Structures are given as structure tokens and as C-alpha cells.
Amino acid sequence: GETRTQVSASNVVVLYAKHERTNIVEDSNNAFSVYINLVGQGNADIFRDGVMMRGKWQRSSVQEFFEFVDESGNLIALKPGNTWFEIVPTGYSLDLK
């Protein structure tokens with residue numbers, strides 16, 4: 001808002017991951033914290049150059065970078081630049097218009 005420039009990203013990655021409610025109360029409204037497991041693998045939608053690619057994310061530890069593969073197991077490369085990650089629950093459905 002201050003610079004009046006549009007926010008943009010070279011890549012947008014939607015990670016589908018299991019969300020688990022914890023017993024940690026976060027605020028005065030009794031909202032509970034959520035644990036999101038980002039180790040292992042899950043589905044992913046990758047948007048770059050005006051194209052959406054469906055694939056999988058994978059990583060073996062929190063110290064590792066995410067790796068993205070298509071349905072055939074081929075690596076999906078991200079475009080150099082900034083990347084916006086959106087982490088959603090498994091079973092979430094994107095409304096693409």
C-alpha cells in the first residue's frame with residue numbers, strides 16, 4: 001500500500017499437508033494452535049509462467065529444501081525469483097477462476 005506497487009511472485013506453490021489441532025490455546029478466544037507436518041510428502045500445485053502443474057512435494061527433514069515432482073516422478077523446477085507458499089489442509093479444494 002505504501003509503495004503502490006502490485007505484489008507479485010515468480011512462483012506460487014500450494015502445499016497440501018496434514019493439519020492437526022494441538023492442545024495449545026493461542027489467544028483469549030480459546031483458539032487452538034495447529035501443527036502442520038511438513039516432512040514426508042504430499043500433493044502440490046505449482047503455478048509459474050501462467051501454467052499450473054500438479055505434483056507432489058517431498059522432503060525428508062525440516063532442514064531439507066522442498067523438492068517437487070510431477071506424476072511421472074520428474075523434478076519440477078521453480079522459476080528463479082521469489083516464491084509464495086500457501087499451505088492448506090489435505091482435501092482442500094482450490095477455487096480457480
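I take contact to mean heavy atoms within 4.5 Å. I note that this is a predicted model, in which local features need pLDDT of at least 70 and side-chain atom pairs count only at pLDDT 80 or more, while totals for chains, interfaces and linings use all residues. Residues are numbered from 1 along each chain as its sequence is written, and side-chain values use heavy atoms, with hydrogens and water left out.

**Entry: Val-34**

I began with Val-34, which I found in strand S3 (residues 32-36). Setting aside neighbours within four places in sequence, I list His-19, Glu-20 and Thr-22 as the contacts of Val-34. The scale I use calls a residue buried under 20% relative accessible area, exposed over 50%, and partly exposed in between, with a 1.4 Å probe and protein chains only.

**Entry: the chain as a whole**

I looked up the elements next and recorded 0 helices and 7 strands. From the N terminus on, the order reads β-β-β-β-β-β-β. The radius of gyration of the chain is 16 Å, well over the 13 Å that the globule rule gives for 97 residues, so the chain is more spread out than a compact globule. That radius is taken over C-alpha atoms, and the rule is 2.2 Å times the number of residues to the power 0.38. Along its principal axes, the C-alpha trace spans about 45 × 40 × 30 Å.

I then turned to burial and surface. Of the 97 residues, 21% count as buried. The accessible surface comes to about 7,300 Å², and carbon and sulfur atoms hold 49% of this surface; the areas come from the Shrake-Rupley method with a 1.4 Å probe, and for residues only the protein chains shown count as cover. Among contacts between residues at least 6 apart in sequence, I note that 47% join residues at least 24 apart.

**Entry: the nonpolar core**

Which residues make up the largest nonpolar core? I list 9 residues in all: Val-13, Leu-15, Ala-17, Leu-38, Ala-44, Ile-46, Trp-57, Phe-68 and Ile-76. Strands S1 (11-17) and S4 (40-48) each supply at least two residues of this core, and S1 gives the most, with 3 residues. By such a core I mean a set of buried Ala, Val, Leu, Ile, Met, Phe, Trp, Tyr and Cys residues joined through side-chain atoms within 4.5 Å.

Ala-44 counts as buried, at 2% relative accessibility. Not counting residues up to four places away in sequence, Ala-44 touches Val-14, Leu-15, Tyr-16, Met-53, Arg-54, Gly-55, Lys-56, Trp-57 and Phe-68. The C-alpha atoms of Ala-44 and Val-62 are separated by 17 Å, although these residues are 18 apart along the chain.

**Entry: Ile-87**

I located Ile-87 in strand S7 (residues 83-89). Ile-87 is partly exposed, with a relative accessible area of 32%. Beyond neighbours within four places in sequence, Ile-87 is in contact with Leu-15, Ala-17, His-19, Ile-36 and Leu-38. I also looked up the pair Ile-87 and Thr-3, which are 84 residues apart in sequence and 27 Å apart in space, C-alpha to C-alpha.

**Entry: positive phi values**

Where does Arg-4 lie? I place Arg-4 in the segment before S1. Phi of Arg-4 is near 60°, a positive value in a residue other than glycine. Arg-4 counts as exposed, at 78% relative accessibility.

I found Asp-49 in the loop between S4 and strand S5 (51-59). Phi of Asp-49 is near 55°, again a positive value in a residue other than glycine. Asp-49 counts as partly exposed, at 48% relative accessibility.

Technical notes: Helix = DSSP H or I, 4+ residues; strand = E, 2+ residues; numbered from the N terminus.
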